[in-house]
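A walk through the shell, followed by a few individual positions, would be welcome.

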Amino acid sequence: MGLFRDTVIQLSENKTLNDLTKQMGLKFGARKFVGGVDTEEAIETFKSINADGMSVTFDNLGEFITDTMDATYEKDLILEMIKAIDEHKVNAHCSVKLTQIGLDIDYEFCKTNFREILEAAKQVGIFVNIDMESYRVYDATMRMLDEMLEEFDNVGTVLQSYLFDSEEDVIKHKDERVRIVKGAYKEDPSVALQERESIDIAFEELIKKHLTEGTGFTSIATHDHNIIYNIMDFVERENIDKDTFEFQMLYGFRYDLAKQIVKKGYSMCIYVPYGNDWYAYFMRRIAERPQNVNLLVKDLMDN
Ligand code: FAD
């Protein structure tokens with residue numbers, strides 16, 4: 001299982017495969033996890049999710065960007081989506097990977113792009129969440145968050161429970177809006193927990209701390225029903241206001257469970273990736289859940 005996960009995550013980082021698959025449209029079952037190839041298609045997906053009583057966080061797919069023109073193009077697509085959300089009056093906010101808008105090229109260039117996104121989003125009342133990528137860019141991501149928090153109040157980030165740093169970070173960011181996840185990348189044992197059980201324990205602890213220690217809004221992002229039920233028990237017991245947190249799930253995963261959660265009166269937000277650059281995202285989903293390989297096989301048989 002560990003070897004399978006490591007191999008698939010390594011494949012997800014292969015630049016040639018990332019470039020090749022961009023030209024192919026949504027293949028290998030990716031459509032199940034990707035809410036459309038462009039802004040127009042994605043907006044229709046957001047509307048149907050909103051109709052089920054859930055909000056959306058959108059992710060314009062794209063990683064491993066090393067060219068300034070590509071980064072500017074991706075930033076413009078995000079601005080286009082912010083405009084479309086306002087025009088169509090859909091309930092959606094923005095998730096951004098900093099490497100998509102130039103972090104691997106130059107920090108200041110990325111900051112200029114990110115500031116433009118935050119300004120546009122602020123004008124129309126949209127929150128922007130910085131997705132947390134691999135530990136390689138952790139320090140730069142946290143620095144960007146701190147600097148942007150000095151100028152904006154519509155920005156937050158993600159804490160990964162497998163990282164040792166998160167225990168301190170959750171207190172540091174207790175008054176900010178934070179998404180808490182287990183963590184999707186392969187990290188070195190010197191910086192991250194490796195065992196599923198300890199990652200799960202740390203995950204619940206981080207969530208409970210963020211829910212109780214400060215005033216920040218907590219996004220609990222998981223498909224793990226056991227943890228979701230444990231947190232529901234906890235918030236009932238501690239009398240925590242349901243307006244101070246939400247659950248989040250990825251598009252294409254456990255939608256029935258998401259609907260049940262909404263029925264119980266909790267807020268649910270669906271993370272919807274869209275666009276042509278789906279390969280790395282899709283491979284990480286296969287690494288997490290090998291059953292998703294079935295989608296890939298079925299698509300190959302159908303074509
Ligand atoms: P897992 O550990 O994958 O699953 C736990 C258990 O839940 C399984 O054993 C099974 O019993 C059940 N289960 C899970 N999925 C299913 C299913 N599809 N069907 C049936 N049972 C299931 N990671 C980052 O590193 N950075 C980010 O910015 C980031 N953002 C995210 C945003 C959202 C909204 C979500 C949901 C995840 C995000 N992740 C991110 C990914 C995250 O770190 C995990 O890799 C991913 O969510 C898998 O962990 P899990 O908590 O869903 O549970």
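Helices (H or I, at least four residues) and strands (E, at least two) are taken as DSSP runs and numbered from the N terminus. The model is a predicted one, in which local features need pLDDT of at least 70 and side-chain atom pairs count only at pLDDT 80 or more, while totals for chains, interfaces and linings use all residues. Residues are numbered from 1 along each chain as its sequence is written.

Of the 21 residues around the ligand, V181, A184, A221, T222 and Y271 come nearest. Strands β4 (155–160) and β7 (245–250) each supply at least two residues of this shell, and the largest share, three residues, comes from β7.

UniProt, in an unreviewed entry, places the feature "binding site" at positions including Q160, A184 and H223; such annotations may be inferred rather than shown by experiment. Burial is judged by the other C-beta atoms within 10 Å of a residue's own, 20 or more meaning buried, 12 or fewer exposed, and in between partly exposed. Q160, which lies in strand β4, counts as buried because it has 27 C-beta neighbours inside 10 Å.

A184 sits in the loop between β5 (178–181) and α8 (196–213), and is buried because 20 other C-beta atoms lie within 10 Å. H223, in the loop between β6 (218–221) and α9 (225–237), is partly exposed, because 16 other C-beta atoms lie within 10 Å. A184 and H223 are 39 residues apart in sequence and 13 Å apart in space, C-alpha to C-alpha.

Technical notes:
A residue is near a molecule or strand if its C-beta atom, placed from the backbone, lies within 6 Å of it.
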